[in-house]
Amino acid sequence: MSYVTSDYFYNIYGGTVSNEEQLPALLERVSALVDGETLGQIGGIDALPSKQAELIRYAVCAETEFVDANGGLNWLNEAGRAYIHLGKFSTTSVGGENPLFSNSAKSFLNASGLNFRGVMV
C-alpha cells in the first residue's frame, strides 16, 4: 500500500535515509500513518487529482526522512513513549510529548486538504 516507491523517493523527491535497507519498510509504515492522518480519505493514490497525489507523496517522503532521522522503525515503534532515568530510578510514560509528524509532512498534508476534520458548509 506504499504511496511512494524507492525510485520516487530518491529520484523525484531527492530524499536520503541512513539505512537504505529499511527504506521499503519505512515507506510502507509511513504511508499507513499518512492514510490514518487523512482518516482513510486517500483510498487509491492514483484515483486522486494529480496535485493532491503529489502532495501526499511529498508528505510520505518528508515523513520518511523525519522518521529515519529520529531512529527509523525502532523510533516509530516507540513514538509517544518517554523514558526517564535518574540514578536507580527509571520510568516510562506513554503518550508523552513526541511529535509523530514533522512540520514538513503536516504542511504537505494541509495543502492536500485531505486531513481536514471540520464540517464542510
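## Packing of α1 and α2

Helices α1 and α2 pack with their axes 9 Å apart, at an angle of about 90 degrees. (Axes are lines fitted to C-alpha atoms, for helices over the stretch in contact, and angles run from 0 to 180 degrees between N-to-C directions.) This makes α1 roughly perpendicular to α2, a term that covers angles of 65 to 115 degrees, whereas angles over 145 count as roughly antiparallel. In this pair, Ser6, Phe9 and Tyr10 of α1 meet Leu23, Pro24 and Leu27 of α2; contact means heavy atoms within 4.5 Å.

## Basis and confidence of the model

This is a predicted model, in which local features need pLDDT of at least 70, side-chain atom pairs count only at pLDDT 80 or more, and totals for chains, interfaces and linings use all residues. Residues are numbered from 1 along each chain as its sequence is written, and side-chain values use heavy atoms, with hydrogens and water left out. Helices (H or I, at least four residues) and strands (E, at least two) are DSSP runs, numbered from the N terminus.

The average pLDDT (the predictor's confidence in each residue, from 0 to 100) of the protein chain is 84, and 79% of the residues score at least 70. Confidence is highest in helix α1 (residues 6-13), with a mean of 97, and lowest in strand β2 (residues 89-94), with a mean of 52. The pLDDT is below 50 over residues 93-98, a stretch that has 11 contacts in the model beyond near neighbours in sequence.

## The largest nonpolar core

A nonpolar core is a set of buried Ala, Val, Leu, Ile, Met, Phe, Trp, Tyr and Cys residues joined through side-chain atoms within 4.5 Å. The largest one has 27 residues, of which Val4, Val34, Ile42 and Ile56 touch the most other members. At least two residues of this core come from each of α1, α2 (23-37), α3 (50-69), α4 (72-78) and α5 (103-112). The most is given by α3, with 7 residues.

Apart from neighbours within four places in sequence, Val4 is in contact with Phe9, Leu27, Ser31, Arg57, Val60 and Cys61.

## Packing of α3 and α5

The axes of α3 and α5 cross at roughly 165 degrees and come within 8 Å; the two helices are therefore roughly antiparallel to each other. Residues Gln52, Leu55, Ile56, Tyr58, Ala59, Ala62 and Glu63 in α3 meet Ser104, Ala105, Phe108, Leu109, Ala111 and Ser112 in α5.

## Aspartate 35

Asp35 lies in helix α2. With a relative accessible area of 18%, Asp35 is buried, that is, under 20% relative accessible area (1.4 Å probe, protein chains only). Not counting residues up to four places away in sequence, Asp35 touches Met1, Tyr3, Gly40, Ile42 and Gly43.

Key:
Buried < 20%, exposed > 50% of the residue type's maximum accessible area, 1.4 Å probe, protein only. Parallel < 35°, antiparallel > 145°, perpendicular 65-115°, else oblique.
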